[in-house]
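Here are my notes for anyone opening this one for the first time. Have the viewer ready and go through the points in order.

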Amino acid sequence: MDLKSNEPFWLVKNGILESYPSLKNDENCDVLVIGGGITGSLIAHQMIKDGYKTILIDKREVANGSTSATTSMLQYEIDVPLFELTEMIGENGAVASYNACSKSIDDLEKISDEIKSTAGFERKKSLYFATKRKDLPWLKKEFEARKSAGFKVKWLDADEVQEQFGLEKTFGGILSNQGASVDAFILAHELLAFNVKKGLQIFDKTEMKSVKYHPDFNEVFTTEGFKIKTKKIIYCIGYESKDLIKEDFVQLKSTFAVVSEREKSLPGKLDKMLFWNTDEPYLYMRTTDDGRLLIGGGDEDFLNPQKRDKIIGNKEKEILKNLKKVLPEYQFYTDFTWAGTFGETKDGLPYIGEHQKFKNSYFVLGFGGNGITFSVTGMEMASAFMKNTSHPLSQYFKFGR
């Protein structure tokens, strides 16, 4: 599956940071991680830390799938509002899921410090604002739900939103203290390079063809005819899991993003902030660490890469038109536009856990707008799986829920 258009900003900006050999002989390991994006790199980091002999394979160059197209907004907020998620799965599960995403931001900062990352991890506040009056009642209900759950939030009226951030024609919003941004493409490469020095083996341009299951191990065969014998497989294949798992568990979507030219000084009120609104599909934006404004939205049901890429130009116009509504005086000069693929689940939660049709295997599939933070939670959960212990979130993230 082609997960992105040909010109995602992060890939163009950063170029080829590292490449690895393809698999040219049979191997064996404790853990085989399939997928070399930000999720696979985090899971491999955890497996190496836990002392397992680990191999990672990717059918592309590492980090060249969805990781090269992500906007890398790190939020504790899940696509399904807390009050709605509470109605779906109960208060305990909903609050625990939101708390896990919040903790993941803290954990990712620690990981960035640990590996001395240059990926621009930066703490930011988040504003979730209404652009239609009809959204105001449920957004205030969401504010109360978050406040009651202990999250550090503040309600801002429309005039306060305009005064603090320069956004016009809003009806107020929720200001949250917890949030961050990062260059996930660089971070994935850094994590892999860090762990190669600790024994991680990486083979890119190496595609899994089939798996032979045994009681205590699996044999993975590649398209080139080589074999990897492994005690456990951890699948970190994101939206391509839809090709592997046949039941209907995720709805694929196309999302579109635009990034401005570098500017000597972006509007100061936009810096160190994440913005998203209540529209469907919602508009979201953040600044980058090299002085750009990145905006995304215009989500559509995914049909195929050709149709997705054909409408990028129209989506750029749509996104900038929506930006103009809230920032009418801001002159945006486009530098790059691109499209990516993501997935929506029925409850906004990821699928992290075992699947009955895949023995000795575990899936870490962080869907929705929280793919990266869910993947950080997946580190803990995969570690528990390897130790044959339970994790409190497993019941909420499991297949067949």
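**Notes on the predicted model**

1. Let's begin with a local pair: Lys 134 and Asp 135 form a salt bridge, with the closest N and O atoms 3.3 Å apart. Keep in mind that this is a predicted model. Buried or exposed, where does each partner fall? Asp 135 is buried, because its relative accessible area of 5% is under the 20% cut-off. Lys 134 counts as exposed, at 61% relative accessibility.

2. Another one brings the side chains of Lys 205 and Glu 61 together at 3.3 Å, N to O. Lys 205 sits in the loop between strand 9 (201–204) and strand 10, and Glu 61 in the loop between strand 2 (54–58) and strand 3, so the pair ties together parts that are 144 residues apart in sequence. Lys 205 is exposed, with a relative accessible area of 55%, while Glu 61 is partly exposed at 22%.

3. Look next at Lys 272 and Glu 122, whose side chains meet in a salt bridge of 2.5 Å, N to O. Lys 272 counts as partly exposed, at 44% relative accessibility. There is a network too, in which salt bridges link Lys 59, Arg 60 and Glu 240.

4. Strand 4 and strand 8 (residues 179–181) run antiparallel and are joined by two bridges, with Arg 123 standing opposite Ala 180 of strand 8.

5. Lys 116 follows helix 4 and has a positive phi, near 55 degrees.

6. The largest nonpolar core has 81 residues, and the ones touching the most other members are Ile 43, Leu 108, Ile 234 and Trp 338. Leaving out residues up to four places away in sequence, Leu 108 touches Leu 42, Leu 74, Phe 121, Leu 187, Ile 372 and Val 376.

7. There is also an open sheet of eight strands, in the order 6-7-5-14-15-16-13-17 and with mixed pairing. Its edges are strand 6 (153–156) and strand 17 (334–344), each pairing on one side only. On average, neighbouring strands here are turned by 20 degrees against each other, direction ignored. Within the sheet, strand 5 (residues 125–129) and strand 7 (residues 173–176) pair in the antiparallel sense over four bridges, and Tyr 128 has Ile 174 of strand 7 as its bridge partner.

8. Two helices go with that part of the sheet. Helix 5 (residues 136–148) lies across strand 5, strand 6, strand 7 and strand 14 (273–277), at about 155 degrees to strand 6. Helix 6 (residues 158–165) packs on the sheet, touching strand 5, strand 6, strand 7 and strand 14, and its direction makes about 105 degrees with that of strand 6.

9. Strand 19 (residues 358–365) deserves a stop: seven of its eight residues are buried. Strand 18 (residues 351–355) runs antiparallel to strand 19 and is joined to it by four bridges, with Ile 352 partnered by Val 364. The two form a hairpin with two residues between them. Strand 12 (residues 227–235) pairs with strand 19 in the parallel sense over three bridges, including one between Ile 233 and Ser 361.

10. Finally, find Phe 217 in the loop between strand 10 (208–213) and strand 11 (218–222). Phe 217 is partly exposed, with a relative accessible area of 23%. Beyond its neighbours within four places in sequence, Phe 217 is in contact with Lys 212, Lys 229, Thr 230, Lys 231 and Asn 360. The C-alpha atoms of Phe 217 and Lys 232 are separated by 6.5 Å, though these residues are 15 apart along the chain.

Terms used: Residues are numbered from 1 along each chain as its sequence is written. This is a predicted model: local features need pLDDT of at least 70, side-chain atom pairs count only at pLDDT 80 or more; totals for chains, interfaces and linings use all residues. Side-chain values use heavy atoms; hydrogens and water are left out. Two strands pair if DSSP finds at least two bridges between them. Axes are lines fitted to C-alpha atoms, for helices over the stretch in contact, and angles run from 0 to 180 degrees between N-to-C directions. Contact means heavy atoms within 4.5 Å. Buried means under 20% relative accessible area, exposed over 50%, partly exposed in between (1.4 Å probe, protein chains only). A nonpolar core is a set of buried Ala, Val, Leu, Ile, Met, Phe, Trp, Tyr and Cys residues joined through side-chain atoms within 4.5 Å. A salt bridge is a side-chain nitrogen of Lys or Arg within 4 Å of a carboxyl oxygen of Asp or Glu.
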